[in-house]
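Look at the structure first, then read on.

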Amino acid sequence: MKQLPLTDEWFHGAVSLEHREDGIKPWRIPYADYELYAPEGIGGKAEICAGVRLRLRSDSAEVAVSFLPLADAAAMDCLVAGQLFLTLSLPAGATEALFSGLPAGINDLEIWLPQNIGMTVTGLRIGSGAAGDPLPDRRPRWITYGSSITQCVAASSPSRAWPAIAAADCGWNVTNLGFSGNCHMEPMIGRLIRDLPADFISICVGVNIYGAGTLSPRMFKPLLIGLLETIRDRHKETPLLVISPIYGTVRETEPNPLGFTLPMMREDIRQTVELLRERGDRQLYDLDGLSWFGPEDEAFLTDGLHPGAEGYELLGRRFRALQQAALQARQL
């Protein structure tokens, strides 16, 4: 096999790329501003490769991605023409993913990096007699922000996370800003989303704030307003969908230490969207999380909070229709 030059053009879905002596490390924050995304790059989650993929056009029968030893077991996917071709389950310590037996002819390939760990890519190789070029992604850009339910660690593989499924269904180029346990509407996140190119933006907030008790009922709406208004500094006309929490079993009725329940958060989100729309933001929309994943779907939760692999597939398949309905309802 032959080595292709390892350059930025192969990488998609990352916010920034750190060029290290031994390879390229994708980040989901601007890595040069790591210290500003306290604590530790938003709880150590911004280095995880959720939604990050390599795109190439090649006639090779095999493609190999090499990387520094994996910190934990992980999966990587190879898509051919947008369809899942092969999933590799890699043990901790693995240093290469080899996708072989690819269809004959020139193929558009996507290699999805793990959604549960970070990695430093050290090489990209194809067959010695094959050609390979970076494959641009000119689809509309979608930024989606959320918690572990957006990062989707428990998805069966990285391309089966719900944002990946929804992006394929909608024809979008996705950047996944799901940070497990760390979706707290930090001001730096508003600035980040504001500064990224986007044709559509969605945020799903509440469940980490409930769990960690980081915001009281007094501060939830003001911080949500601040987040949305910061995004609007540069995305004044970009459709922006605010999604309230999906069904959360005991969290529906049991107040957290600050007196919050998920139904209270859903109402605060609805009221906030209504307020900003009344003030002229006609491209702001809301989606009730219970209409996306409700009490009838409880069997798909693994711990009363997180969907399992089947639940994430369900969220991905449902998203397009609900997103379109939410936008159309506000345009009537």
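The second largest cavity holds about 50 Å³ of space. A cavity is a set of points on a 1 Å grid over the protein atoms alone where a 1.4 Å probe fits but cannot get out, and lining residues have an atom within 4 Å of a point. Grid points are joined across faces, edges and corners, and a volume is the space filled by probe spheres set on the points. The model is predicted: local features need pLDDT of at least 70, side-chain atom pairs count only at pLDDT 80 or more, and totals for chains, interfaces and linings use all residues. Residues are numbered from 1 along each chain as its sequence is written, and side-chain values use heavy atoms, with hydrogens and water left out.

Among the residues lining the second largest cavity are Trp 112, Gln 115, Pro 163 and Asn 176. Helix 3 and strand 14 (173-178) each give two or more residues to this lining. Helices (H or I, at least four residues) and strands (E, at least two) are DSSP runs, numbered from the N terminus.

The whole structure has 2 cavities of 30 Å³ or more. Gly 146, Cys 204 and Pro 245 are among the residues that line the largest cavity.

There are also pockets, which are open sets of points with protein on both sides within 12 Å along at least five of seven lines. In the largest pocket, 23 residues form the lining, and the closest to its centre include Leu 79, Glu 110 and Arg 139. For the second largest pocket, strand 14 gives the largest share of the lining, 3 residues.

The table lists the spaces by volume and by the classes of their lining residues. Ala, Val, Leu, Ile, Met, Phe, Trp, Tyr, Cys and Pro count as nonpolar, Asp, Glu, Lys and Arg as charged, and the others, Gly among them, as polar.

| Space | Volume | Lining residues by class |
|---|---|---|
| Largest cavity | about 80 Å³ | 6 nonpolar, 4 polar, no charged |
| Second largest cavity | about 50 Å³ | 6 nonpolar, 3 polar, no charged |
| Largest pocket | about 360 Å³ | 13 nonpolar, 3 polar, 7 charged |
| Second largest pocket | about 270 Å³ | 8 nonpolar, 5 polar, 3 charged |

Helix 3 (residues 162-170) also packs with helix 9 (residues 309-331): their axes come within 8 Å and cross at roughly 30°. Axes are lines fitted to C-alpha atoms, for helices over the stretch in contact, and angles run from 0 to 180 degrees between N-to-C directions. Helix 3 and helix 9 are therefore roughly parallel to each other, a term for angles under 35 degrees.

Key. Angles under 35 degrees count as roughly parallel, over 145 as roughly antiparallel, 65 to 115 as roughly perpendicular and the rest as oblique.
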